[in-house]
Amino acid sequence: MVKTASGLLTIQKFIYLLDDFHYYEFSNYLSLINASLPLRLTEAIRNKLPDFDTSQDLCKKVYGGFDKSHQQNFNQLTSYTFKHSAVLAQNYPGYLHGKIPALERLVNEGKRDESNVMADALLDMAERIEDFQCHAMVLKFLSQQAFLVKDTTAAFKLSARLEECIANEKLFTELQTTFRNAEHVVDYAKARESLKGLKQYYQTFKDHPSSVIRIFSQFAYISSIYSADIGLFAQPDVEALIRLLEKDLANYPYVVFPFLTDIEGNFGFLKLNSPLVKLNSKEGEKEYEDLTEHYNSVKFWRSYLSFWQLHLIAIQVTRLLTAYHYQIHRSDYRKLISANDWRWVKSLIEKCDELLNIKTFIQHYEYEIRSLKMMYGALLIIAGGNNIKKGVAELESLLIAYQQVNMRGSTDSVYLCLMVGYFSLKNYEMCAKTFRRYTKVIKDKPVFEGNDSKIHAYYYLSQWLATNSKQYPTKMGLLLKRLKGAPPESIVELMQHFEMPVAI
């Protein structure tokens, strides 16, 4: 057994520190994604334990040689393989902790050299993945050992590192508390007012040396923006922050967050459900597929209501509503919806119905149940035909049941679906009543401009059809002029279909 871990590669330390369970989880994952070279490297390291190959010998085992080309490929492979440890960071963030009792046993058995190899490897690995708790435990051991062997210089240096580690853990807890407090502000005005202070607070950590603190602070601020005013996502400084977070998540997939935390999944949903990504584009489809794959890899959702499932349903409902809302009123609508999208509509209705009938969810997931009911109603309207009345009834029932509850970002979506439903039923009187309710409810609250403009468009068009008053084409024209860029195609097509005289 070597007496130091200082000459070992990061991937060697990582594989060496994994217990059997976590090693097989990791190797099975590599096998599942057909990562043959990373798997070969992993097995070569594991089979050599408790000893270690030199990097040259390890390269020969993987590539069959050690010339300049092989060495460059090998260096890239070791880094690439370690990045796959993200699967353990997400599902088993405490995967190193089992080595602390093993370290204590080695010391108590008089195997000090072996314990120091393990401690050195643990120190480097815990620091690298930013497992603050494990890092602190190893530093406590090493600093106390240094005092025992009278190496006071090393002891005080280790103690200083321990204080820094504990300070980072404390800071992360403070960030988490600030984020949770902001997320549970139900008053829109207060939420918007708090954004400026949150921005100043989180920006202080933009260049923090800890990637965990940097990533979490960026995510917390972006999430706060989404909750308070989603329209801000289109601003250049917010988009720049989003790209920065994307880069950090890609560069440091192996760092660990507290168990049951899914930064990547939540962030992915915020992007897909924002104006930044067009779901019908190739980029949007790729992001959706990547997010689906990510959510399916997060194992803790097996024990809780699958937020990822709700997120994916929400994304598809948004896409389908955007694609078809302006055609649902047509008698030939069923021919206009694609076969693939019709399958989506039917399967999503079934999934919502299934989830809404799981009684154990009602007690703990009131907000999520509201979201499910909203999506269920929207999907029934999108299904068209006889389903529209049922969808409208579901949404009206939702508004009555939760009239004293802040619907947060769902408000404009609910009213847009109602406007689409009543318009498709040619119930223009209810369109007018729904519009008046909407304007009353959203007073002093942020709304998504895309939904808000469509709600106004449906109101103007429905009232023009009901009264033939010239004021409504005029108002529609003013609405289109206020919108940034070209008028939405869906609104234009609605006007053209009904021959509403509006100059574009």
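This is a predicted model: local features need pLDDT of at least 70, side-chain atom pairs count only at pLDDT 80 or more; totals for chains, interfaces and linings use all residues.

Student: How many aromatic pairs does the structure hold?

Tutor: The structure holds 29 aromatic pairs. To classify a pair, one considers the angle between the ring planes: over 60 degrees counts as edge-to-face, under 30 as stacked, and the rest as tilted. For Phe14 and Phe82, the ring centres are 5.6 Å apart and the planes stand at 80 degrees, so this pair is edge-to-face.

Student: Where in the chain do Phe14 and Phe82 lie?

Tutor: Phe14 belongs to helix H1 (residues 10-17) and Phe82 to helix H5 (residues 68-83).

Student: Are Phe14 and Phe82 buried or exposed?

Tutor: A residue is called buried when its relative accessible area is under 20%. Phe14 has 0% relative accessibility and so counts as buried; Phe82, at 5%, also counts as buried.

Student: What kind of pair do the rings of Phe179 and Phe219 form?

Tutor: Their centres lie 5.6 Å apart and their planes meet at 55 degrees, so the pair is tilted. Phe179 is in helix H10 (residues 152-183) and Phe219 is in helix H12 (residues 211-228), so the pair ties together parts 40 residues apart in sequence. Phe179 is buried at 13% relative accessibility, and Phe219 is buried with a relative accessible area of 4%.

Student: Which residues do ring pairs link into a cluster?

Tutor: The cluster consists of Phe14, Phe26, Phe82, Tyr95, Tyr252 and Tyr254.

Student: What is the general idea behind a nonpolar core, and where does Phe14 stand in this one?

Tutor: In soluble globular proteins, nonpolar side chains tend to be buried together. Here the largest nonpolar core has 172 residues, of which Phe14, Leu96, Met476 and Met500 touch the most other members. Not counting residues up to four places away in sequence, Phe14 touches Phe26, Phe82, Ser85, Leu88, Tyr95 and Met125.

Student: Which ring lies under the charged end of Arg46?

Tutor: The charged end of Arg46 sits over the ring of Tyr23, 4.3 Å from its centre. Arg46 is part of helix H3 (residues 36-48) and is buried, with a relative accessible area of 17%. Its side chain also makes a polar contact of 3.0 Å with the side chain of Asp20. A further case is Arg334, whose charged end sits over the ring of Trp342, 3.9 Å from the ring centre.

Student: How many residues of H20 are buried?

Tutor: H20 is mostly covered, with 15 of its 18 residues buried. This helix (residues 366-383) reaches 26 Å from its first C-alpha to its last, close to the 26 Å expected. Just after H20, Gly384 takes a positive phi of about 75 degrees.

Note on methods
Residues are numbered from 1 along each chain as its sequence is written. Side-chain values use heavy atoms; hydrogens and water are left out. Rings of Phe, Tyr and Trp (its six-membered ring) pair if their centres lie within 6.5 Å; planes under 30 degrees apart count as stacked, over 60 as edge-to-face and the rest as tilted. Helices (H or I, at least four residues) and strands (E, at least two) are DSSP runs, numbered from the N terminus. Buried means under 20% relative accessible area, exposed over 50%, partly exposed in between (1.4 Å probe, protein chains only). A charge sits over a ring if NZ of Lys or CZ of Arg is within 6 Å of the ring centre and within 35 degrees of the ring normal. A nonpolar core is a set of buried Ala, Val, Leu, Ile, Met, Phe, Trp, Tyr and Cys residues joined through side-chain atoms within 4.5 Å. Contact means heavy atoms within 4.5 Å. A polar contact is a pair of N or O atoms within 3.5 Å; within protein, one must be able to donate a hydrogen and the other to accept it, and residues adjacent in sequence count only if both atoms are side-chain atoms. The expected span of a helix is 1.5 Å times one less than its number of residues.
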